[in-house]
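Here is a short report on one structure. Look at the sequence and the model, then read on.

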Amino acid sequence: MIKVEGLTKRYARNIAVDNISFEVEKGQVVGFLGPNGAGKTTTMRVLTCFMPPTSGTASVAGFDVQENPMEVKRRIGYLPETPPLYPDMEVVEYLDFVGRIKGINTADLPKRISDVTEKCAIGDVQKKLIGKLSKGYRQRVGLAQAILHNPDVLILDEPTSGLDPHQIIETRDLIKGLAGDHTIILSTHILPEVEQICEKVIIIAKGKVVATDSVENLTSRLRGSETVSVEVIAADNSGVQSRLEQVAGVSRVIYKESRDGRLHFTVESLEGRHIRPGLARAVIEAGWNLNELHGMALSLEEIFLELTASHKEPVTAALQEVVKEDIAQAKAEDESK
Amino acid sequence: MNTFTICNKELQSYFRSPIAYTVLALWALIGGFFFYFGLSFFVQRSMESAMMGQSMPMDINEWIVRPLLSNVNVVALFLIPMITMRLFAEEKRSGTIELLMTSPIHDIEIVLGKWLAAVSLYFIMLLISVLHMAILFRYGQPDWKPLAVGYLGLLLQGACLLAIGTFVSTCTSNQIVAGALGFAISLLLFVLNWVSEFGSSVTDKVIGYFSVQQHFESFSKGVLDSKDIIFYVTMIILGLFLTSRSLESVRWRA
């Protein structure tokens, strides 16, 4: 359905997307995963014919985005990162306008509009000005706009960004409901989201595809093992190290530093083992004071390194919390802007 | 069809925002001011000439319509950037340009639609000042033909400056910048004929030829000259062409 080959997009000073290739089958839901600035939006903009690629080709349903943009545009529904809404229009007026420029027959338009208002649950606000709607409703109107002309392909750029947890769940359910009839590409930097909605994941970082995999394979990789940071108050670091190494499930103990008699270690577990209770007991039973014990934080960047590097490198189960923190931080930054 | 859809949406959004009302109110106020004093002046002069025993009544076209058209023309110059400044700048700022440019419509349809909406609002403005002229017809016998030519001139000159303003609006996502730049360019185009008034070289004449005001003069006299019509139509096409090229460059730069 979607075929991208050697796609490169270069701006004046930097390369946004560097020679990426991927394919999406009809009816698939594909997650486009990557940190901010990885090139997700640029790739989507090329696919939606908003901007032409510098080199390489992209085609949708057999139509090239540069040679046949009109045919591609007819088959694509697009929800940009900020929903493209006119605040001074009523929801129904807006959908009517979008329907017309998307080339929907005026006779079919009222039915299409009532279909999508029902699907996106925006019936109760259809006579309201878009400018007066809450963020969640705006996102839904944006989604309604994208599916209005019943496109074969749906391209959603961070469809859940900026929503509250309740709205995120609703939006995800909505997208899942659309999955059967449409081929969907959605971009996100939220790992659980990919897990819940998508069948296939394309991971992109710094303009390059670093991994293309099914969700099962990806999650099993990410959930493999655990890295724990331990801080112990004791006199002798080699004694502590050898004691920690004896705990069941531990594969490696690395001594980091000591400060005022507090010794700091990083402990890695074997695949699928929970070692934190064992570590705590070992330290206490040896008569040392356990100062701190926590799962190591890995940044999203490090996850990408993990994914591109060898499979043996451990990634903690705390990963998901970390990713959530990253997102919360990114959101806070966005809002402060 | 798509052009009409865009035009319709744009015109509606003029009337949903305060822009249309502000522009129309300012136009009615300032136009009314000029009309009132033009008329008062005329009444006074014609009473004086009647007392001095001149038998020929003064020409309404000569004494009211022509100066009024010139004044109104200057007022329009100030209001036109207010009409065009948001056309593309606002879409670029809010990101709705992505919706338009990823919909199965051609860029030229977007450009034409938006420009036509601006021309329509300008046309409604002109209709308000037609009310003043209706008063003249009620109490006097002005010749309607030069008046109609004058209005055609106003419309053509307005359409030409609106096309240029539309182009300027594609160059920025800031409405204020688009408005200021549009005004500066319109004003320069308006007074370019000063160059040919002070100098007489070929260069001066060529520069002076680009003055929109110079081409309006014959319209205000009631003279329909194909040369001037061609000038305005060419400028309109140039403005719209530049707009569509600039819109295409948005795709490359984004």
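A:Thr42 lies in helix 1 of chain A. The model is predicted: local features need pLDDT of at least 70, side-chain atom pairs count only at pLDDT 80 or more, and totals for chains, interfaces and linings use all residues. Residues are numbered from 1 along each chain as its sequence is written, while chains are lettered from A and ligands numbered from 1 in the order in which they are written.

Is A:Thr42 buried or exposed? A:Thr42 counts as buried, because it has 23 C-beta neighbours inside 10 Å. A residue is buried if 20 or more other C-beta atoms lie within 10 Å of its own, exposed if 12 or fewer, and partly exposed in between; C-beta atoms are placed from the backbone. Leaving aside neighbours within four places in sequence, A:Thr42 is in contact with A:Lys9, A:Ala16 and A:Val17. Contact means that the C-beta atoms, placed from the backbone, lie within 7 Å. A:Pro52 is 10 residues from A:Thr42 in sequence and 9.9 Å away in space, C-alpha to C-alpha.

**Chain A.** This chain has 12 helices and 14 strands. Helices (H or I, at least four residues) and strands (E, at least two) are DSSP runs, numbered from the N terminus. Of the 337 residues in chain A, 41% are buried. Among contacts between residues at least 6 apart in sequence, 66% join residues at least 24 apart.

Strands pair if DSSP finds at least two bridges between them.

| Strand order (chain A) | Strands | Pairing |
|---|---|---|
| 6-7-8-3-9-10 | six strands | mixed |
| 2-1-4-5 | four strands | antiparallel |

In the sheet of six strands, the edges are strand 6 (76-79) and strand 10 (208-214) of chain A, each pairing on one side only. Its neighbouring strands are turned by 15° against each other on average, direction ignored. Strand 3 (residues 29-33) and strand 8 (residues 183-188) of chain A run parallel, joined by five bridges. A:Val30 has A:Ile185 as its bridge partner in strand 8 of chain A. Helix 1 (residues 40-47) of chain A packs on this sheet, touching strand 3, strand 7 (153-157), strand 8 and strand 9 (200-205) of chain A. The direction of helix 1 makes about 150° with that of strand 7 of chain A. Angles run from 0 to 180 degrees between N-to-C directions, and axes are lines fitted to C-alpha atoms, for helices over the stretch in contact.

In the sheet of four strands, the edges are strand 2 (15-24) and strand 5 (63-64) of chain A. Two bridges join strand 4 (residues 55-60) to strand 5 of chain A, and these run antiparallel. A:Val60 stands opposite A:Phe63 in strand 5 of chain A. Helix 1 of chain A also lies across strand 1 (2-10), strand 2 and strand 4 of chain A, at about 120° to strand 1.

**Chain B meets chain A.** How many residues of chain B are in contact with chain A? There are 18, in contact with 21 residues of chain A. Helix 1 (2-16), helix 5 (97-101) and helix 12 (226-253) of chain B each supply at least two residues of that side of chain B. Helix 1 of chain B gives the largest share, five residues.

Note on methods: Contact = placed C-beta atoms within 7 Å.
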